[in-house]
Amino acid sequence: MKKLLLSAAAVCALSAAAYAASPSDSKFDPKLLSEHIKVLSSDAFEGRGPATAGEVKTVAYITKAFKAVGLQPGGDKLKTGARSWTQNVPLAEFDITGPVSFTVKAGGQTESWKQGDQIAIRAPETGVNHIDIKDAPVVFVGYGVKAPERSWDDFKGVDLHGKLALVLVNDPDYETGVGVFGGKAMTYYGRWTYKYEEAARQGALGFIVIHETGPASYGWNTVKNSNTNAVFDIIRKDPTKDHAPIEAWIQRDQTVSLFKKAGLDFEALKKEAQTRAFHPVTLKGVSFSTSFKVAAKHVISHNVVGVLPGTKHPNERIIYTAHWDHLGIGLPDAKGDRIYNGAVDNASGVSGLIELARAFAHSPRTQRTVQFMAVTAEEKGLLGSEYYATNPLYPLATTVADINTDGGAVNGPAKDISVSGDGGLTLQDDLIKVAKEHGRYFTPDARPEAGSFFRSDHFSFAKQGTPALSFHSGLDLVKGGTAAGRAAAEAYTRDRYHQPADEFDPNWDLTGMAQDLSILYDLGTDLANSREWPTWKAGSEFKAARDKTAGLRK
């Protein structure tokens, strides 16, 4: 097992100003925020890929920053009984090595597709060292959902063994906005991660998700860049129970063409798939073949953990999280740039985490412990936070809340705030109250169909019952209003998200980020100096897990 070790030589230098400064009266200095982002998203950090030299530099930087602002180590226990600065996160890493051969037979013709162009195949996570599939039949399975509690089954008993299935992204309600899946807001059944999990349960050779920009919530470049580099997973005893041999995406235009060559109408079948009456359809005369080699190994990545122990209730804690990883080095863009710097996503979140730690460390100690954790492998499936939530360093029963940030405000201050999705919890009410005290109003998630609630690290805590949310600045910008905010958000998603272009810009206005952090600071301070235990509201799927441990909270 390869283990990444920190050394003094690996610690990247940070400006004296960023380490030594104390919070100003406003507590958060845009210049310090900018400095962290600039360093963490520089080419020297190689895109901060887990289990790379970029991780070594990143973990060292965050550790040094946590030390400098006055935190105590809160990671794994050492033999001496003291704590380290990190929690080891064992992962399995999978990577396609060499060329990918992918051929399609349809309508009596054979054509070759290129990895990243027509198709994006993820490195298999089953532990095999090669894939060799010849003329696999292709079946369309609609949205690929089996939800007995909603009387929904897209499979109707079809045997998918030895077959590859094409599956639509998002929920059956996405197009119409009405139905048993709650309308436009995505459920977990709409996530591509669910589709792949269902592929394994159905015994298929694999599921290939049909990319459409609207229901996916991002363009093909994001899909290509996120799925053609190394992938990671937790270490499983039998990975075939959770992963099929093939997990991939396909371009919409290629899909429509395949349907036409099979004598089928893609749009008509998609409409039918939005109903319970849908039955799987075999694409007659269509088959896929693919072969490539796979390298698999075990690695150790790291969550970085710092704490400020509480004065009265040190065993109760508020956790602030932000993921430190990005996509590392991958396919080149049109300019030949292969480094996915991840400035907004999520060097900005880590910058905010460090400055929140500074603000708390330079303020009177709170009654409850405040914990700051930069987690790994979010881009690989929330794996760092998932590992912590299932192997917690401190009991989740007495963890008050997780407050997550994934992407800071770089376009100036906003009049409103928002969160990813709507988990239905009193913690969100607390956030809204604090924001109002700061002269800000709350706007619900502007794109609930994007499934953002399931795409950030707070979800790992929520699944275990811990009240959790992921904060976002609003779109109603002080300069330009909602029109300017939406335009900026759309441009980022289109042109920079999960692309090498997500780079530091010295012209960013980070005053809005500073204001947002003041809200998060006050929210955490209020919780840390109170006896409040935020709860999930009636009807939340996470309420039952939290209620099981109610007796441990006083």
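Trainee: Let's begin with aspartate 457. Is aspartate 457 buried or exposed?
Mentor: Aspartate 457 has a relative accessible area of 1%, so it is buried. Keep in mind that this is a predicted model.

Trainee: Which part of the chain is aspartate 457 in?
Mentor: It lies in a loop, the one between β20 (441-442) and α12 (458-463).

Trainee: And what is aspartate 457 in contact with?
Mentor: Setting aside neighbours within four places in sequence, the contacts of aspartate 457 are His323, Val375, Glu378, Leu382, Ser385 and Asn404. With serine 385 there is a polar contact between the side chains, at 2.6 Å.

Trainee: How far is aspartate 457 from isoleucine 62?
Mentor: Their C-alpha atoms are separated by 18 Å, and the two residues are 395 residues apart along the chain.

Trainee: Another aspartate, then. Where does aspartate 516 lie?
Mentor: In helix α14, which covers residues 511-528. Aspartate 516 counts as buried, because its relative accessibility is 4% and the cut-off is under 20%.

Trainee: Which side chain does aspartate 516 make a polar contact with?
Mentor: That of serine 473, at 2.9 Å. Beyond four places in sequence, aspartate 516 is in contact with Ala409, Arg440, Phe471 and Ser473.

Trainee: Now the strands. What does threonine 103 touch?
Mentor: Not counting residues up to four places away, threonine 103 touches Thr110, Glu111, Ser112, Ser287, Phe288 and Ser289. Threonine 103 itself is in strand β3, residues 86-106.

Trainee: Is threonine 103 buried or partly exposed?
Mentor: Partly exposed, with a relative accessible area of 22%.

Trainee: You listed Ser287 there. Where is serine 287, and what does it touch?
Mentor: Serine 287 is in strand β13, residues 281-308. Its contacts outside four places in sequence are Thr103, Val104, Lys105, Asp135, Ala136 and Val138. Serine 287 counts as buried, at 11% relative accessibility.

Trainee: Asp135 is in that list. How far apart are threonine 103 and aspartate 135?
Mentor: 8.8 Å in space, C-alpha to C-alpha, and 32 residues in sequence.

Trainee: Change of topic: helices. How many residues of helix α6 are buried?
Mentor: Seven of its eight residues, so the helix, residues 220-227, is mostly covered. The buried ones are Trp220, Thr222, Val223, Lys224, Asn225, Ser226 and Asn227.

Trainee: What caps the N-terminal end of α2?
Mentor: Aspartate 29 does, with a side-chain oxygen 2.9 Å from the backbone nitrogen of lysine 31.

Trainee: Next, the backbone. Which peptide bond is cis?
Mentor: The one from aspartate 345 to asparagine 346 is cis, with omega near 5°. Asparagine 346 is in helix α9, residues 343-361.

Trainee: What is phi for alanine 51 and for serine 217?
Mentor: Positive in each case: about 60° for alanine 51 and near 80° for serine 217. Neither residue is a glycine.

Trainee: Where are alanine 51 and serine 217 placed?
Mentor: In loops. Alanine 51 is between α2 and α3 (53-69), and serine 217 is between α5 (213-216) and α6. Alanine 51 is buried, with a relative accessible area of 6%, and serine 217 is buried, also with 6%.

Trainee: Last, the whole chain. How many helices and strands does the chain have?
Mentor: 15 helices and 21 strands. Buried residues make up 58% of the 554 residues.

Note on methods. Residues are numbered from 1 along each chain as its sequence is written. This is a predicted model: local features need pLDDT of at least 70, side-chain atom pairs count only at pLDDT 80 or more; totals for chains, interfaces and linings use all residues. Side-chain values use heavy atoms; hydrogens and water are left out. Helices (H or I, at least four residues) and strands (E, at least two) are DSSP runs, numbered from the N terminus. Buried means under 20% relative accessible area, exposed over 50%, partly exposed in between (1.4 Å probe, protein chains only). A polar contact is a pair of N or O atoms within 3.5 Å; within protein, one must be able to donate a hydrogen and the other to accept it, and residues adjacent in sequence count only if both atoms are side-chain atoms. Contact means heavy atoms within 4.5 Å.
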